[in-house]
Amino acid sequence: MKANADDATINTVREDLDLLRADLKSVMEALGNLKSDAGAAVKDQAARAAGNIGRKAEDIFEDLKGEGERATKLLTAAVNEHPYSSLAIALAIGIVIGRTLDRR
């Protein structure tokens, strides 16, 4: 009788182990799905962030382009109003840069 009880206990333990293996397999599959879902979510979020950064960079570029055009117009107007002074300033800057580079 004791042998039958031991066999029944062993069979019960084996069945429990089989159930645990099946549960563990299900958990691992769920974790794998969660990992791929999380990866896709992170990828989507990164793509959205990159798009936002791209749009902001374009806005900044447009602002800088406008500032550059405005500065060019102001400089052109100043040179047109005072051509000899502009020429003297350019010559002085050239001499300073030339002497600075010559010392090296």
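User: Which residue forms a salt bridge with D18, and how far apart are the closest N and O atoms?

Analyst: First the rule: a salt bridge is a side-chain nitrogen of Lys or Arg within 4 Å of a carboxyl oxygen of Asp or Glu. Here D18 pairs with R21, with the closest N and O atoms 3.0 Å apart. Both residues lie in helix α1, three residues apart, about one turn of the helix. Helices are DSSP runs (H or I, at least four residues), and strands are too (E, at least two), numbered from the N terminus. A caution: this is a predicted model, where local features need pLDDT of at least 70, side-chain atom pairs count only at pLDDT 80 or more, and totals for chains, interfaces and linings use all residues. Residues are numbered from 1 along each chain as its sequence is written, and side-chain values use heavy atoms, leaving out hydrogens and water.

User: How many salt bridges does the rule give?

Analyst: Two. E67 and R70 also meet in one, at 2.3 Å, N to O. About one helical turn separates E67 and R70, because they are three residues apart in helix α1.

User: Is R21 buried or exposed?

Analyst: R21 has 53%, so R21 counts as exposed. D18 has 44% and is partly exposed. E67, at 42%, is partly exposed. R70 is partly exposed at 45%.

User: What share of the protein chain is buried?

Analyst: Buried residues make up 1% of the 104 residues. The chain has two helices and zero strands.

User: How do I read the radius of gyration against a compact globule?

Analyst: The radius is taken over C-alpha atoms, and the globule rule is 2.2 Å times the number of residues to the power 0.38. A compact globule of 104 residues would come near 13 Å, but this chain has 39 Å. The C-alpha trace spans about 120 × 35 × 10 Å along its principal axes.

User: Which residues form the nonpolar patch on the surface?

Analyst: Patch members have over 30% relative accessible area and no salt bridge; like charges are joined within 9 Å, nonpolar side chains (Val, Leu, Ile, Met, Phe, Trp, Tyr) within 5 Å. L24, V27, M28, L31 and L34 form it, with about 500 Å² of accessible area together. Areas come from the Shrake-Rupley method with a 1.4 Å probe; for residues, only the protein chains shown count as cover. L24 sits in helix α1 and counts as exposed at 52% relative accessibility.

Definitions and conventions
Buried < 20%, exposed > 50% of the residue type's maximum accessible area, 1.4 Å probe, protein only.
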